[in-house]
Each structure stands twice: as C-alpha cells, then as structure tokens.
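Let's walk through this model together, going from the overall fold to the side chains. Keep the viewer open and follow along as each residue comes up.

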Amino acid sequence: MTDAANQMSSRILTVPNVLSFLRLLMVPVFFVFIVVGNDLGALILLVISTITDFVDGQIARRFNQITRLGQLLDPAADRLLILAALLGLAIAQVLPWWFVIAVVSRDLLLIVLGIVLANHGYGPLPVHHLGKFATFCLFSSLPILMLGEAFPAVQGVTSPIGWAAALWGGFLYWWAGVLYLRETVRVVRIPAREPDTGSATLGL
C-alpha cells in the first residue's frame, strides 16, 4: 500500500482521467434515454461506460497513471451511473422504488462515514474487494435488465438473470457497507497521539 501511495500522481490530464470524465458526461444523457424510453440508446451508453471503466483501470495500473483525481473521478462516475440507472429504471417501472432506496441508502452511509473520517484527520477508506464485487454485480444486472426492455422477446431469460444479479449485488453492497462502518468505528477510536495513517485504514 505504501508503494501505491508513492506512485500516486497529482496529474490531472491523463488518459484514465479523461475516460472517467467522459463517463461522467454520459450520465445525464443515459438517464434521459431511460426516462424517454430509448432503451437501446441507454443500453449502448451503459455498455460503452462499462468498457471504458475497465479500460481506464487497466491503463492506470499498466502505465503508472494512478492519480488522486482519478481515485475520485472513477468511483464517482460508477456511483452516478448506477444512481441514474436505478432512478431511470424505477421511473420506467422496471425496478421497484424499495430497491433504489436500499442501494442509495448504502451510498449515503458511506458519505457519512467519509465525513466522520475527515473530521478525525483520515482520508477515505480503501475500496474493499467485496464492495468491488457488489458494484460489479449491480453493473452486470443493469444492462441485462435493460436488454430485456430493449428486446422484449428475450425478457423471459434476461429478467430472472438480471434480478438475481441485482439482488445479490444489493446484498453484498450492504455487507461491504457494514464492513466500512466497522472499520470506521475502529479507526476513530485510535488515540489521537498515534500517527495519522491517512487512507491506509482498512485492514480487511
């Protein structure tokens, strides 16, 4: 973790950052597509966003372009895209509102935990592998569900698969949230005389 911190750059204009920024720009267009019923257009944008998310991570690691800005932009783009998809699909009556509230509540929990950590002089907690897998499940479920909306003929197959991934992802999303909560409680109880360990606080 120390090596990663030493290699982290404060550069702004990098290929991964540009890709993450483009993903952010796609979010409002993606949301409008879902709301107006352009399911195929929304599906295409979601696939493009998912591919660029994978590509910018690979480029950042392979070419040492990991930056502080990138660590903010990348998860922000992921969260906003998921939020846009959830809200859009709920408005389109594809997803129930209780599922949207469950996922959004977990993100609000992490925002509160981030504020608590900042008030105690710590940076954000490192992303846990369980949280990454939960996000992957949610990301996978959305295009599958949207595929059924764009092509009703396959909905009998896509609907159960998409819902299985969505429910599993939602469960893991909250499980990871509980782990973040537990780690935050542990960190803020560390006596003030101990050195600040920055963001290296999640020993999971």
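A word on burial to begin with: a residue counts as buried under 20% relative accessible area, as exposed over 50%, and as partly exposed in between, with a 1.4 Å probe and protein chains only. Phe-171, at 47% relative accessibility, is thus partly exposed. This is a predicted model, in which local features need pLDDT of at least 70 and side-chain atom pairs count only at pLDDT 80 or more, while totals for chains, interfaces and linings use all residues. Residues are numbered from 1 along each chain as its sequence is written, and side-chain values use heavy atoms, with hydrogens and water left out.

Start with the whole chain. Its secondary structure comes to seven helices and zero strands, where helices (H or I, at least four residues) and strands (E, at least two) are DSSP runs numbered from the N terminus. Along the sequence this reads α-α-α-α-α-α-α. Of the 204 residues in the protein chain, 39% are buried. Taking a contact as heavy atoms within 4.5 Å, residues 24 or more positions apart account for 77% of the contacts with a separation of 6 or more. The chain exposes about 11,300 Å², and carbon and sulfur atoms supply 71% of that area; accessible areas come from the Shrake-Rupley method with a 1.4 Å probe, and for residues only the protein chains shown count as cover.

Now for the charges. Side chains of opposite charge can pair when their charged atoms come close. Here a salt bridge is a side-chain nitrogen of Lys or Arg within 4 Å of a carboxyl oxygen of Asp or Glu, and a search of the whole structure finds seven of them. One joins Arg-23 and Asp-56, at 3.2 Å from N to O. This pair links distant parts of the chain, with Arg-23 in helix 2 and Asp-56 in helix 3, 33 residues apart. Both Arg-23 and Asp-56 are buried, and for Arg-23 the relative accessible area is 1%.

Which other partner does Arg-23 have, with closest N and O atoms 2.9 Å apart? The partner is Asp-74. Because Asp-74 lies in helix 4 and Arg-23 in helix 2, the pair ties together parts that are 51 residues apart in sequence. Asp-74 is partly exposed, at 22% relative accessible area. Step back and you find a network of salt bridges that links Arg-23, Asp-53, Asp-56, Asp-74 and Asp-78.

Arg-186 is partly exposed at 43% relative accessibility, whereas Glu-183 is buried at 4%.

Next, the rings. A pair of aromatic rings is described by the distance of the centres and the angle of the planes. Rings of Phe, Tyr and Trp (its six-membered ring) pair if their centres lie within 6.5 Å; planes under 30 degrees apart count as stacked, over 60 as edge-to-face and the rest as tilted. The structure holds five aromatic pairs. In one of them, the centres of Phe-133 and Phe-136 are 6.3 Å apart and the planes are at 25°, so the pair is stacked. These two residues are three apart in helix 6 (residues 129-150), about one helical turn. Phe-133 is partly exposed at 40%, while Phe-136 is exposed at 52%.

Trp-168 and Phe-171 also form a stacked pair, 5.7 Å centre to centre with 25° between the planes. They sit in helix 7 (residues 155-188), three residues apart. Trp-168 is partly exposed, with a relative accessible area of 43%. Elsewhere, Trp-98, Phe-99 and Trp-163 form one aromatic cluster.

Finally, have a look at two loops. Asn-64, in the loop between helix 3 (39-62) and helix 4 (68-91), has a positive phi near 50° without being a glycine. Gln-93 has a positive phi of about 65° and is not a glycine either; you will find Gln-93 in the loop between helix 4 and helix 5. Asn-64 is exposed at 53% relative accessibility, and Gln-93 is exposed at 72%.
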